[in-house]
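Subject: Structure handover

Hello,

Here is the structure we talked about. Please open it beside this email.

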Amino acid sequence: MSIPLTWYLILAAALFCIGLYGVLSRKNAIAILLGIELMLNAVNINLVAFWRYLNPAQMAGQAFAVIVFAVAAAEVAVGLALIISVYRRRKTVVADEIDLMKW
Amino acid sequence: MTFWNNPINFIGNWLTGVLTSWHMPAALATILLYIVGIVVMIIFAMTLDIGLVWVERKVVARFQDRLGPNRIGPFGLIQPVADIIKMVIKEDITPAGADKIVYNIAPVLAATSVILLWAILPLASTIYGVDLNVGLLYIVAAGALGTLAIIMAGWSSNNKYALLGAFRMVSNMISYEIPMVIILLVPTILANTMSVKGITQAQSGMWFAILSPLALLIFLISAIAELGRSPFDLNEAESEIVAGFHIEYTGMKFGWFYAGELLHAFTFGGFMAIFFFGGYGGFFGLEKLGFLTWLNIPFVQALVFIAKAMFGYWVIMWVKYSVPRIRIDHMLAFNWKFLVPLSLVVLVNTAVLNKVLITLPSWLYVLGMFGSNILIGWVTIEILRAYGRKQRKAGEKPISPAQPQEQVA
Amino acid sequence: MTNWIIWLLPLPPLLAFFAIILFTNKNKALSHSIAVAAAGLSWLGSMIVFISAVGTTGFGKHVFESAINWLPTGTTWLQIGVRVDPLSAVVLFFVAWTVLAIFVYSIGYHNFGQPKGDHDLPGLPPHGATITDEGGHNHVVPSIEPMYARFFAFISLFAFGMYTLVVSNNLLTLFVGWEIMGLCSYLLIGFWFGKKSARDAAIKAFMTTRIGDVFMLLGIAFVYSATGSLSYKDIFQPQVLQALAGTPAFFGLSAAGMIGLLLFIGTVGKSAQWPLHVWLPDAMEGPTPVSAMIHAATMVSAGVYMAIRIYPLLSLDVHTMTVVAFIGSFTALFAATIAVAQNDIKKVLAYSTISQLGFMIAALGVHAYVAAAFHLVTHAFFKALLFLGSGSVIHGMEHGVLHTGEHVDAQDMFNMGGLRKKMPVTFWTFLIGGLALSGFPVLTAGFWSKDAIFAEAFGNGYVLVFIVLALAAFLTAFYTMRQITLTFFGEARTQAAEHASENKWTMTLPLVVLAIFAVGVGWVGMPAWFTGGLVPDWFHGFVGGTLTQAPETTAFNWIPVATSLVVALGGLLCGWLAYRNVSVPAEDRLQIPLLKNKYYFDEIYAFLFVRPAGWIAEKFTLLYMDQVVIDGFLHSLARFSLFLGHAFRNYFDKPVINEFIGDGAGKTVKASGFGLRKIQAGRIQYYMVVALVILAVFAFLVYFLKLGM
Amino acid sequence: MTAEQIIFLLTGVLVLGSAFMVVTVRNLLHAALWLVASLFGVAVLYAILQANFLAVVQVVIYIGAIAILFIFAVMLTRRQLLESGRQTRSSWWIPALLGLLILIGLVSLILSVPGLDRTASAMPVGLDTVQALGTALVSPDAYVLPFEVASVLMLAALVGAVYVASVDKK
């Protein structure tokens, strides 16, 4: 157990920022979702790391990580269903082109 | 601690001693020994795999009223070596437009996903890779990697048949993963642990196959589906999509898929033995008797385990060579409308009865568990019969989701 | 154990009511089976309670009582519970018997087992059905009541009310039972609601008793505010009574007297005492079992029961007692005179009932506590018997009417005659009841109870009351004999009477049972002078134990005994002599218009109350109060509101709200929308960048500049 | 440098490198596969953190389900897969700058908080994390409510996804 907590936190921060960049820079809606997955995982790393380093007997970190899993799965299922539905009607998956509600 | 009681640790300690005497840092030595262990395990598995090729060919021949390999070596035992040589020297084709890297990773990943399973497979009480406390989930996780490998193969081949096969395979595997995960909870509840070794030990008194025969049946069906073997072999259905996801693979790359499948089947036979037939142990407590203590020697246990696993493997083969392929919508309907609800019922039944009956004498406990399973099975069959009758009355061709199940049984 | 039975006593009829109303109302046989079974269950329980009460020595001191907390009133609880003491035990006894008898009787009376009527409609009495026998002859036979099941549901509910009232240990549940019976009497009197007379009678009965009930509720409220409790046990404690007697109230009465008077007005309404007696004769519009139920056995008895129950309160104030004695004796005489001139067989009995109830009230007024209770019991039996007997006569007559097709009133005694031979069981039982009512010496129950009243009235020094009651008793014997003579003796005066026939066992069996009681019940109260102390006056000892201080037995005196012998036998003889040969109303010399028309009380009430009420409603309330005052006020209010509305609209709503706030907000939003819509680019990533930039700026401000810390 | 640190660093390189590839490669299918690699690395991190259950579940859910879903989606929409065109927005430098800024901010934040450079204490003896997690997730005084809410969310997502993605029968 010789790894400082800081390492995990910095790794998670870096993963988060990479995911953020992906979300903001990609055009394809699926790719945006990929970035979101990275960000969620960065959060989970933090949760688990804090669980391990602060008080392993208290399962809060793991429990929240499990719930994040559930949310991620739900988000991907609905998100991809939406993308496929949009693709079926508009023949596009580019986020900027999905602008039917725009002024 | 002698070699006979704990061979792995014995060798490990010996090698550590040797390496540290060479002034190697302890950490490096540990890592090195891990690698050595992994390599040894892979070699063992692969060697076994070669044997399995022979077994498979011999058994299928008998099923089809043939003799099987009998030219090279005694009983054709050298035949697998000839097969390997043939595969290695075949032309290695990468189709035009294929995604080269993915195309080449896929077979390796397919074989890896199977070999990963061996990490938690306890051959004997002291011969095992690691005793994970989440062993059952680990099996599912490794299966997920297999799925990934197949979809990679299908995609990267740049071939419509391959892609179709991959799609079928993935829908198949993901669907049947659900009853499998649910039904794996039955041994978990009965043994109170998810550790594979713990489940083995929990069956020293009574096999879970007797406590929950329905769970065994469901596990067998979903395992066959997970393997993609007949009657669930529509991912590679030769008569429609030629060979499915590995249509473009030749030579040793195909060989990896092939070896992976065989080993996978054997491994699932092994898991069946572990979850339901007591694994390396499970002699109903007889091994505690004085004149039977030799059953506790690790190598004997390993032999027992392999025998049980071979039985499971044989059952899977039996099914494969007896039952025709079924249509994809039937397959999915069977899973979602029949297998998932049934496995949920079995799970709830087990969970409730396990709590209720645990205070009773053990023979009553066993009787209650077994009886409840029989009852559920009977009710299910009655429901299916009524459904089939209704279908026939409606004048349609009966689409009975029970067909594969009855044939399996 | 006994307490449990007492708690459960009222329950079977209630369950029967719901069962019939909700589930079995399509099935007539099942409905009456349920009702009779429920009545039987309650009967059984009552008998058990009664027998164990009789078997308890010193029962007056060791009553069956249990109570539960029911309504939280601040820190204390209003308790309700059950109590069976000697008084309620004997009441329970006759209620159980008469109710069961009436239930059984109703089966026959409503023609169970007969075919459905040809033209019968719900809400009208059955008109008979035509059936064809094997020979091809058409016969008209009685038809079954169209609302058969409903009748049994109603009388079950009625029985529930009565049982509740009897077993209550407090005035509140007594009042609940009281009101349930009031509702049922309304429903049952108006059972044949297709007849206008029945409808009117129902409304009249309901409204008249309501007057009494309102005063009674006031009395109950007064009791509660004065003593903080409603249960008999608390109210009738000597120190509480003493305190009540010492507290002055209104009109020169003490609190005890005031409460007693208010509660007594309830009795006056319920037991049809003058001046609230007018509803009872009209209530004869209901089916005869109802008449028996309401006017003999239960409901009117309930009023007297309550009066006897509150006797400890009543007796505290001499003025109240005077009022009670006056109303009782006056009613007794007054109703008896009317009864003499009635031709309708049931009307005679109705006025007789009023008169006899007057006897009881009068007895109470002269401190003849036990005698009142005794007469209550005996009267319940023989009057129930008489009513059921009259019903049997009417039923037999109706049979004759249907058979002959003659259009005569089946209830008019001048259309009868000679029924002695046609309906022997009815005749003999009716004769027994009539003799009991007249007070035929020694044998009948009526003699002993009336004699007790006379003896007490005389012995306690109320000579005037004694004389009035003696006169009333003479008249009673007279009109009873008149009724019997007209109905049963002589020759048949109509074809219908010629063809009248005896009824089924379901109707005659209750008559026989009740006849036995009409004779036998009197024997339990024979005074000591007659038996020579051989048999103790059981009734006096038993019921007298209800009071804290048991009343003393009056000393023997020849005058009241002789009086009661003379009036009873003399009245009977006069009646026989006068009506031996009378066959048409014209020959009856007592058809005086004043008596015939009941002293014009209905007309007086109509003139005094009904028409003024109508006039006030139409002229004053409608034309003046409603249309001028209230409408005027409302109209001016509306005009004012209209004015305000205009003012708001023109000077506030339009300029401020609409222009400034409404349109102004819209314009502002529109303008800002035009300005801000650049931000709404429809590009999620753009949104996210904006959000992140803002977040980063705030995080920078908060963290590095330590803002907000 | 202990063995553990070496493994951590290797895994970290795998995670971050794969993540970088996810957001930069043009071929979306490759991006999805890189995502698998990155998430597998995260699973290894969980294993190092001794969260065995989460490590395995990470593989089951992310690789077994989510990544497969992504690959499916990519395949189903591949007609529009602009493998030849640009995959990133023209103004890609703004997010990059933003990400970098946030990274710098977060790292400086992490480094400035005292006590975060601690190392982990040994696991409590006899603590079965799987059992403890299971108990925590279903015990009423712990996380049963969030757990149930999450399961309802899953159900809603299931129904919603099926409904949204289903073809109109009209």
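Predicted model: local features only at pLDDT ≥ 70, side-chain atom pairs only at ≥ 80, totals over all residues.

Residues are numbered from 1 along each chain as its sequence is written, and chains are lettered from A and ligands numbered from 1 in the order in which they are written.

Chains D and A: contact here means that the C-beta atoms of two residues, placed from the backbone, lie within 7 Å. By that rule, 72 residues of chain D touch 63 residues of chain A. On the chain D side, at least two residues each come from α1 (3–24), α2 (28–48), α3 (52–76), α4 (93–112), α5 (129–138) and α6 (144–165). Helices are DSSP runs (H or I, at least four residues), numbered from the N terminus. That side of chain D has 56 nonpolar, twelve polar and four charged residues. Nonpolar covers Ala, Val, Leu, Ile, Met, Phe, Trp, Tyr, Cys and Pro; charged covers Asp, Glu, Lys and Arg; the others, Gly among them, are polar.

Chains D and C: six residues of chain D meet four residues of chain C. The chain D side has five nonpolar residues, one polar and no charged.

Helix α3 of chain A: residues 60–90 reach 44 Å from first C-alpha to last, close to the expected 45 Å. The expected span is 1.5 Å times one less than the number of residues. Just after α3(A), A:K91 has a positive phi of about 55 degrees.

Regards
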